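Please look at the sequence and the model shown here, and then read the briefing that follows with both in view.

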Amino acid sequence: MLERGPGGEDHPDHPCILQILMQTNELTRLAAAYAAHPTDILLPLPQMNECPTRQALDHAVCTALALDPETVATIRRHLAAEPSVTGKRYGS
């Protein structure tokens with residue numbers, strides 16, 4: 001399985017996420033991480049930076065895909081700071 005570009009071209013040097021997960025058995029670990037939080041609440045997106053459940057799931061994804069945890073944390077911080085569809089910050 002190859003990653004497909006926007007025009008449908010193959011990128012053999014960049015395997016798709018599913019291929020990585022299937023080849024490394026990380027899919028099982030991700031399923032276990034998800035199953036470990038069956039009743040945990042995901043806080044609203046503006047509070048995602050303080051959400052322990054989201055942080056635990058992000059950690060599992062970072063481990064499974066060999067992503068830099070600080071990069072994912074930075075993305076989470078930026079998303080949490082985004083204004084809502086009302087144009088106001090959460091809680092204002």
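Helices (H or I, at least four residues) and strands (E, at least two) are DSSP runs, numbered from the N terminus. With that in mind, the chain reads β-β-α-α-α-α along its sequence, which gives 4 helices and 2 strands. This is a predicted model, in which local features need pLDDT of at least 70 and side-chain atom pairs count only at pLDDT 80 or more, whereas totals for chains, interfaces and linings use all residues. Residues are numbered from 1 along each chain as its sequence is written, and side-chain values use heavy atoms, with hydrogens and water left out.

**The chain as a whole**

- Of the 92 residues in the chain, 22% are buried, where buried means under 20% relative accessible area, exposed means over 50%, and partly exposed lies in between (1.4 Å probe, protein chains only).
- The accessible surface, computed by the Shrake-Rupley method with a 1.4 Å probe, comes to about 6800 Å² for the chain, and 61% of that surface belongs to carbon and sulfur atoms.
- Among the contacts (heavy atoms within 4.5 Å) with a separation of 6 or more, 35% are accounted for by residues 24 or more positions apart.

**Helix α4 and its buried face**

- Helix α4 has 13 residues that should span 18 Å at 1.5 Å a residue, and its end C-alpha atoms are 18 Å apart, which agrees; the expected span is 1.5 Å times one less than the number of residues.
- The buried residues of α4 are V72, A73, R76 and A80.
- Seen down the axis of α4, these buried residues fall within an arc of 100°, so they line one face of the helix; the arc is that of the directions from the helix axis to the C-beta atoms.
- An α-helix has 3.6 residues a turn, so residues three or four places apart point the same way.
- The buried residues of α4 pack against α3, which covers residues 52-65.

- Leaving aside neighbours within four places in sequence, R76 is in contact with M48, N49, R54, Q55 and D58.
- T74 is partly exposed, with a relative accessible area of 27%, and a polar contact of 2.9 Å joins its side chain to that of R77.
- A81 also belongs to α4, which runs over residues 69-81, and is partly exposed because its relative accessible area is 38%.
- The C-alpha atoms of A81 and Q47 are separated by 8.8 Å, although the two residues are 34 residues apart along the chain.

**Helix α3 and the cysteines**

- Helix α3 has 14 residues and reaches 20 Å from its first C-alpha to its last, close to the 20 Å expected at 1.5 Å a residue.
- The buried residues of α3 are T53, R54, D58, A60, C62, A64 and L65, and just after this helix A66 takes a positive phi of about 55°.
- C51 counts as buried because its relative accessibility is 0%, and C62 counts as buried at 6%.
- The structure holds 0 disulfides, a disulfide being a pair of cysteine sulfur atoms within 2.5 Å.

Terms used. Polar contact = N/O pair within 3.5 Å; in protein donor to acceptor, adjacent residues only side chain to side chain.
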